[in-house]
Each structure stands twice: as structure tokens, then as C-alpha cells.
Amino acid sequence: MSGTDELYPPAQYGWGWILLAIGVLALIAGLAWLVVVLTRPRRAIAFAAPAAVPAPPTDVATVLRQEYLGTIAQIEADYRAGLTDARRANLDLSRVVRGFVNEYSGIEAPVLALDDLVRLGVHPSLIDAIGRNYYPSIFRRAAPSPEPVEGALVGADAARTVVTTWY
């Protein structure tokens with residue numbers, strides 16, 4: 001056999017041509033998908049009508065005052081109904097007032113004694129409420145024989161004064 005009778009292997013294509021063909025096929029498939037998606041009819045989306053929500057008050061201090069005044073009213077109502085005694089009502093009122101002061105101004109009133117609050121120079125209504133109403137009722141040694149009807153009612157008024165007049 002001579003050199004011309006030899007068999008030659010088939011021509012090979014480079015990897016670049018195969019990748020180009022796959023890319024073109026992917027582009028055609030992507031364009032077909034895009035045409036289908038963009039031309040199909042839209043579904044109507046039904047949204048539920050929003051419930052009528054009252055606009056929230058813009059003043060945080062007003063909301064805080066309303067919340068605490070409601071708590072004071074509940075303590076007073078429990079006392080009037082006979083569900084609690086004056087000592088317990090004044091203890092609860094003291095906690096509520098101190099919690100209000102803490103939440104409103106950041107003063108650690110729930111853990112401070114009356115002397116500490118005086119030293120800090122807090123609002124006089126708080127000093128008056130604690131000194132005249134809450135301490136005498138909470139820390140008395142024995143319960144007086146007839147408990148005065150106004151026992152916690154005066155404390156509730158003092159608590160309302162603190163909440164409404166605090167800075």
C-alpha cells in the first residue's frame with residue numbers, strides 16, 4: 001500500500017463550536033419561554049378589603065398615660081367592689097405609679113426608696129403620693145380596726161395626679 005491509500009480519521013470539531021451551539025439552543029428556549037410568559041393573560045388578584053383600623057395616636061406619652069390611667073381605674077374598681085383591701089390597693093397603686101415613672105422617664109422608681117426619689121428631685125406629685133398615701137398604708141404595723149372607706153380612693157387620686165402631671 002502506498003501513502004495515498006491510508007484511511008484518515010473523520011474531521012473533529014473544536015469544543016468552542018459545541019458550546020456555541022448549546023448556547024444558541026438555550027437562548028432560543030429562553031426567548032420562547034419569555035414570549036409565552038409575557039403574552040399569556042393575567043390573573044386577577046383579589047385583595048380583601050382592609051379592615052377599618054383606627055389611626056394610632058401619634059403621641060406615645062398620651063398612649064402611656066391612657067394605659068396607666070386604665071390600670072389605676074381597675075385597681076380602684078376592685079377596691080370599691082371589695083375584692084381587695086386598702087393596703088393591697090395602695091401597694092398595687094404604688095407599683096403602677098412607679099412603673100409609669102420608670103417607663104415614661106427611665107428613672108428606676110420601682111427599686112428606689114422614698115429617700116432616693118427625694119434625693120433625685122423627682123416630680124413632687126410622686127413624692128407626695130408615696131409619702132402620704134402608699135407608705136403609711138403599706139408599712140403600718142397592724143390594720144386599724146375600722147378601715148377608712150377612702151383608704152385607697154385617695155391613693156387612686158394621687159396616682160392619677162402623678163400620671164397626668166408627670167413632666
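Buried, in this tour, means under 20% relative accessible area, with exposed meaning over 50% and partly exposed lying in between, using a 1.4 Å probe and protein chains only. The model is a predicted one, in which local features need pLDDT of at least 70 and side-chain atom pairs count only at pLDDT 80 or more, while totals for chains, interfaces and linings use all residues. Residues are numbered from 1 along each chain as its sequence is written, and side-chain values use heavy atoms, with hydrogens and water left out.

Start with the whole chain. Of its 167 residues, 25% are buried. Coloured by secondary structure, the chain shows 6 helices and 0 strands, where helices (H or I, at least four residues) and strands (E, at least two) are DSSP runs numbered from the N terminus. Its accessible surface, from the Shrake-Rupley method with a 1.4 Å probe, comes to about 12300 Å², and carbon and sulfur atoms account for 65% of this. If contacts (heavy atoms within 4.5 Å) are drawn between residues at least 6 apart in sequence, 69% of them join residues at least 24 apart.

Next, select Leu126 and Tyr134, which touch the most other members of the largest nonpolar core, a group of 29 residues. Such a core is a set of buried Ala, Val, Leu, Ile, Met, Phe, Trp, Tyr and Cys residues joined through side-chain atoms within 4.5 Å. At least two residues of this core come from each of α2 (60-80), α3 (86-105), α4 (114-120), α5 (124-138) and α6 (151-165). Around Tyr134, leaving aside residues up to four places away in sequence, the residues touched include Asn90, Leu93, Val97, Ala129 and Ala158.

Now move to Tyr68 and Phe100, both of them buried. Rings of Phe, Tyr and Trp (its six-membered ring) pair if their centres lie within 6.5 Å, and planes under 30 degrees apart count as stacked, over 60 as edge-to-face and the rest as tilted; by this rule there are 2 aromatic pairs. Tyr68 and Phe100 form an edge-to-face pair, 5.4 Å centre to centre with 70° between the planes. This pair links distant parts of the chain, with Tyr68 in helix α2 and Phe100 in helix α3, 32 residues apart.

Finally, select Trp17 in helix α1 (residues 15-39). Trp17 counts as exposed because its relative accessibility is 61%.
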